Amino acid sequence: MRIPCPYCGERDAHEFAYLGDATPARPDPAAEDAEQRFHDYVYLRDNPAGAHIEWWYHANGCRQWLKVERDTRTHAIAGARAAREADTPAGDAA
């Protein structure tokens, strides 16, 4: 699998570390049920089949965090962008 790093260009996936689903939002620590929400945020994750936005870290390259849109069934990558960019679908990044 090849990942298009926005800084280094297309690289082999072995240069990256997979950090999981990039879509869950961090819960509000001031909420009444914050403890349960943090438990769910940290430990309960879906395992979707199909298009998925994921965190990847380019550990053996530019050492930047990326959001990669990947199909979990085929490993086809629709796009990748720097994590610090605004939240838009990864395939929309130029």
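Before you click anything, one term: a residue is buried under 20% relative accessible area, exposed over 50%, and partly exposed in between, using a 1.4 Å probe and protein chains only. You're looking at a predicted model, where local features need pLDDT of at least 70 and side-chain atom pairs count only at pLDDT 80 or more, while totals for chains, interfaces and linings use all residues. Residues are numbered from 1 along each chain as its sequence is written, and side-chain values use heavy atoms, with hydrogens and water left out.

**Stop one: the whole chain**

Switch to a cartoon view. Helices (H or I, at least four residues) and strands (E, at least two) are DSSP runs, numbered from the N terminus. The C-alpha atoms fill a box of roughly 45 × 25 × 25 Å along the principal axes. Now try a surface view: the chain exposes about 6,300 Å², with carbon and sulfur atoms supplying 48% of that. Accessible areas here come from the Shrake-Rupley method with a 1.4 Å probe, and for residues only the protein chains shown count as cover.

**Stop two: the core**

Select Ile-3, Cys-5, Ala-13, Phe-16, Trp-56, Leu-66, Val-68 and Ala-80, and you have the eight residues of the largest nonpolar core. Strand 1 (2-5) and strand 5 are the elements that give two or more residues to this core. A nonpolar core is a set of buried Ala, Val, Leu, Ile, Met, Phe, Trp, Tyr and Cys residues joined through side-chain atoms within 4.5 Å. In soluble globular proteins, nonpolar side chains tend to be buried together.

Zoom in on Phe-16, in the loop between strand 2 (9-12) and strand 3 (17-21). Is Phe-16 buried or exposed? It's buried, because its relative accessible area is 9%. Leaving out residues up to four places away in sequence, Phe-16 touches several others, including Ile-3, Cys-5, Trp-56 and Leu-66; a contact means heavy atoms within 4.5 Å. Phe-16 and Trp-56 sit 40 residues apart in sequence, yet 6.3 Å apart in space, C-alpha to C-alpha.

Next, click Cys-5. Beyond its neighbours within four places in sequence, Cys-5 is in contact with Glu-10, Phe-16, His-58, Cys-62 and Leu-66.

**Stop three: charged pairs**

Side chains of opposite charge can pair when their charged atoms come close. A salt bridge here is a side-chain nitrogen of Lys or Arg within 4 Å of a carboxyl oxygen of Asp or Glu, and the count is four.

Select Arg-70 and Glu-54: their closest N and O atoms are 2.7 Å apart. Arg-70 lies in strand 5 (residues 65-71) and Glu-54 in strand 4 (residues 51-57), so the pair ties together parts that are 16 residues apart in sequence. Both Arg-70 and Glu-54 are buried.

Move on to Arg-73 and Asp-71, whose side chains meet in a salt bridge at 3.2 Å, N to O. Arg-73 is exposed at 59% relative accessible area, whereas Asp-71 is buried at 18%.

**Last stop: a surface patch**

Finally, select Val-42, Tyr-43 and Leu-44, a nonpolar surface patch with about 350 Å² of accessible area together. Patches are made of residues with over 30% relative accessible area and no salt bridge; like charges are joined within 9 Å, nonpolar side chains (Val, Leu, Ile, Met, Phe, Trp, Tyr) within 5 Å. Leu-44 is in the loop between helix 1 (34-43) and strand 4, and counts as exposed at 52% relative accessibility.
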